[in-house]
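User: Hello! I would like to learn how to read some side-chain features. Could you take me through them?

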Amino acid sequence: MGPHAKTFYSWGRRSTTGAQGFDLAWKEDSLPSGSTPLLAAGLGRSYGDSCLLDRGYMIETGHLNRLIAFDSATGLLTCEAGCTLAQLLEFCVPRGWFVPVTPGTKFVTVGGCVANDVHGKNHHRAGSFGCFVQRLGVRRSDGTAPVCSPTENSGLYRATIGGLGLTGVILWVELQLRAIRSPKIRQHTEALHGFDAFFDVARRQEAAFEYSVAWLDATHRGQPRGIFIAGNHVETDTPLDAGAPPLPRLKLPRTLPDCTVNAWTLRLLNTGYYTANAFRRAERDVPYNGFFYPLDAVADWNLAYGRKGLVQYQFVVPMAHGPEALRETLGKVQAARQASFLTVVKLFGAAESPGLLSFPRPGVTVCFDLPNQGDATARLLDDLDRTVFACEGALYPAKDYRMSRAAFERSFPRHAEFKPFIDPRCASNFSRRTGLTA
Amino acid sequence: MKNFLILGATSAIAQAWCRSQAAPDAHFWLVGRNEARLSAVAADLLARGSGSATVQTYITGDYAGLDAALGEGFRAHAHFDVFLAAQGVLPDQTACEKDPRLADEVMQVNTIEIMQAALIVAGHFETRGGGACVIIGSVAGDVGRRTNYVYGASKAALDVFCEGLRQRLMPTVPVLFVKPGPVDSPMTSHIQKTALFTTPEKVAASINKGIRNQSAVIYSPNHWRLIMTIIRLLPRKIVRRLQA
């Protein structure tokens, strides 16, 4: 069926105006004709506006979710770009394989993972998602569908990984999976006190754990406290179908009142989470779902933040500036009394992604989430930008709805190299703002 | 060893159901109209570890082609455990009102070819004394609605057809008629999704349950049975005034 008017939302509850949905269910199908701009759409889990396009076609890929080939000996999987990580895990975990890199939700499409070159708790060892993409196919608006790999159309390959969907519609991806012997993760938790702990513990434990991240209680006054959460795949053979229940258990039926997330509820939530984890047994085996995707247990949790939605702010700075950047930004967030629940600190490793616009780079990444309070939030974020750029840092497009062209170009020095690969019809609200497209 | 004969294998419900059956001992005979799409479905089933997946195409309105595509299957596999008829089109009701000839294709795809295929398959199942027929209808076939009565009529015919076929094939071959509510699939991609929409995977799960229980008619999700019963009990005078 043809295009149809529809409003699309990002995870931070930003929306499109004048967009039309176009269902791309088969990889041989052509894109809508004409010259109207277009953008591939997955599950809309990007927070800002990099996954939205006003007055254009949103090419929906949810039905483009077939497997194309799988080699059970090598773990090389080819699938269509609309496959979600949830669908892949359901398929590959019982067969002894795991996705090589996963963000904090499994309700993202493989195409989205490539377009944002997502990272996960294993970045310090594995690198980003793009490091495991062997080949991919892109539908360009001229009707061609080039196959891209490090050796074939390598420029387009490097531009598409982390390319924010601007190089065409990703049709399929060939991905190297990681072998596992158990669906469980041996989780290690450790309470953190003081700024230095966030860096010392992470560095000390990095070699011992494949996955690690530090959660920070941003509502706590004085010396910061948090939880270091790390884990490894359990290396003894256990039944592989044990990690099941994939569907969300709870669901927010609708947007909650704007006051639901406030200073008091956040304090309660943070303190509760801290105490629950700080005093619990440090080592235990947990199902992979609980370890990687705790928030997936509540479908549509973003609706708890009310009509204005939430804002995530994520940046990376070189290691040398890490402690200073964390201290300053946390101070500013706390002074503005806007801290929320998901504040995480993670050390990125040195593994280099093939992507030209890849966000992860050696250093420290910090992510704050904030309820959107309009102007007050905007002022705070401008203030945070000053710290980040003074520390030679970069902002993460997948979480952004406001970075300027200058901020984008400072964050991604290879933008000029990327531009020639942009498909003339592709655009997003993000690319329009940052001058990547008209 | 399990052999499955699928008519309209590129339909979202057929794909979801086939995936639920993918296993080393599962063999799929996929019949449909679009070879490239059928091949994508076959590749998916093979990647999931199915024993085999064969693609057969025919052209709408070509009875000989349909007969051959099915006959080839029976020659290759000798027997099928399940025959699933899932092909269907959802026409634009307003377009049909302007150009009534559009009703041709709707009836041909949704009704005539499914009946013809089922009759061909029934002959084989009868001789062999085994197998199961699963035919996809729709809640739209229960009550005529302003917005999709051409589609509804094409599905309603299958309901009566299945009733008769069930009597003919009982007790050895169960005939399951599935009435899904609106499903989030490419067929409905132009319709804004509401809470009433279900997924092809859920319909596939209902079908498996229906086969296990040897049900005659199932709704998917199940609450549509109650909804449709209530609507049918409403006085016609009121139903006539409904515009949705």
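User: Is B:Phe4 buried or exposed?

Analyst: B:Phe4 counts as buried, because its relative accessibility is 2%. Buried means under 20% relative accessible area, exposed over 50%, and partly exposed in between (1.4 Å probe, protein chains only). B:Phe28 is also buried, with a relative accessible area of 0%. A word on the source: this is a predicted model, where local features need pLDDT of at least 70 and side-chain atom pairs count only at pLDDT 80 or more, while totals for chains, interfaces and linings use all residues. Residues are numbered from 1 along each chain as its sequence is written, chains are lettered from A in the order in which they are written, and side-chain values use heavy atoms, leaving out hydrogens and water.

User: How many aromatic pairs are there over all chains?

Analyst: A pair of aromatic rings is described by the distance of the centres and the angle of the planes. Rings of Phe, Tyr and Trp (its six-membered ring) pair if their centres lie within 6.5 Å; planes under 30 degrees apart count as stacked, over 60 as edge-to-face and the rest as tilted. The whole structure holds 19 such pairs. In one of them, B:Phe4 and B:Phe28 have ring centres 5.3 Å apart and planes at 35°, so this pair is tilted.

User: What about disulfides over all chains: how many does a search find?

Analyst: A disulfide is a covalent bond between the sulfur atoms of two cysteines; here the cut-off is a pair of cysteine sulfur atoms within 2.5 Å. The search finds 0. For A:Cys92, the nearest cysteine sulfur, that of A:Cys79, is 9.9 Å away. A:Cys92 is buried, at 0% relative accessible area.
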